[in-house]
Amino acid sequence: MKNLLALSIFLSFSFLIYNGCQQQEERTYTDSEVQQMMNMSTKLWNGGDIELVSNLYSENCVRHNADLGVAKGPAEIKKFVKWVYTAYPDFKVTFDEPMKFKDRIINVFKASATNDGPLGENMPATGNKMSFNGMAMSKIENGKIIEEWVYYNSLPIYTQLGFKLVPVEEEVKK
C-alpha cells in the first residue's frame, strides 16, 4: 500500500512538474476569484454550509469522487455534502495553497472527522476518528467550478473506522 501511495504521489508531482515547465497560457480566472472560491470551499468543508454549493459550482458541473462516483449539478453535490455531515458531524478540511494553471486549480488537502453517523444502510456509526490526505483538481469557468476530480485513498479511511478488507471468495472450478 505504501508503494501505491508513493507511486501516486510521484506521478502527481511528475504531472505537475511537466505542466509547470510548459508555456502557460493566460488563466481563465483571476486571483481574486480563486481566493473567493477557497474561502467558500473552506466554509463548505468546515461546517457543511450547503448554500455555498450554488455559489461555488456551476449549474452543469460534474464532480468526480474517487470512490463515491459522480455528482452532476449543485443538487447532487448538496446531497453528498449532507451525507458527509450526517456521517461525520465534525468533518474538517485544511487546504494547502492552490496550484494555479490555465483553466484549473489543484488543491491538496487534509481531512479529519469522527464517524458519529451512519455511512450507509448497513454501515452504522463506529465512533472512530479518521483522517486522510487528498487532492482536488477543479476546472474553472466564469468564476465557478464546472468540473472537479477528487482523489484520495479510501482503504485507510475504512481501516481507521474499524472495517476490514475481506477478499471475495472465488468459485470453485469443476
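Helices (H or I, at least four residues) and strands (E, at least two) are DSSP runs, numbered from the N terminus. The model is predicted, so that local features need pLDDT of at least 70 and side-chain atom pairs count only at pLDDT 80 or more, whereas totals for chains, interfaces and linings use all residues. Residues are numbered from 1 along each chain as its sequence is written, and side-chain values use heavy atoms, with hydrogens and water left out.

View 1. Leaving aside residues up to four places away in sequence, Cys 61 touches Ala 71, Lys 72, Gly 73, Pro 74, Ile 77, Ile 145 and Ile 146, a contact being heavy atoms within 4.5 Å. Lys 144 lies 83 residues from Cys 61 along the chain, and the C-alpha atoms of the two are separated by 8.9 Å.

**View 2. Helix α2 and its buried face.** The 14 residues of α2 reach 20 Å from the first C-alpha to the last, close to the 20 Å expected at 1.5 Å a residue, the expected span being 1.5 Å times one less than the number of residues. Val 34, Met 37, Met 38, Met 40, Ser 41 and Leu 44 are buried in α2. Seen down the axis of α2, its buried residues fall within an arc of 165°, so they line one face of the helix; the arc is that of the directions from the helix axis to the C-beta atoms.

View 3. A cavity is a set of points, on a 1 Å grid over the protein atoms alone, where a 1.4 Å probe fits but cannot get out, and lining residues have an atom within 4 Å of a point; points are joined across faces, edges and corners, and a volume is the space filled by probe spheres set on them. Of the 31 residues that line the largest cavity, Arg 63, Phe 91, Phe 132, Val 150 and Tyr 152 are the closest to its centre. Elements that each supply at least two residues of this lining include α2 (31-44), β1 (57-65) and β7 (144-152).

Technical notes: On a 1 Å grid over the protein atoms alone, a cavity is a set of points where a 1.4 Å probe fits but cannot get out, and a pocket is an open set with protein on both sides within 12 Å along at least five of seven lines; lining residues have an atom within 4 Å of a point. Buried means under 20% relative accessible area, exposed over 50%, partly exposed in between (1.4 Å probe, protein chains only).
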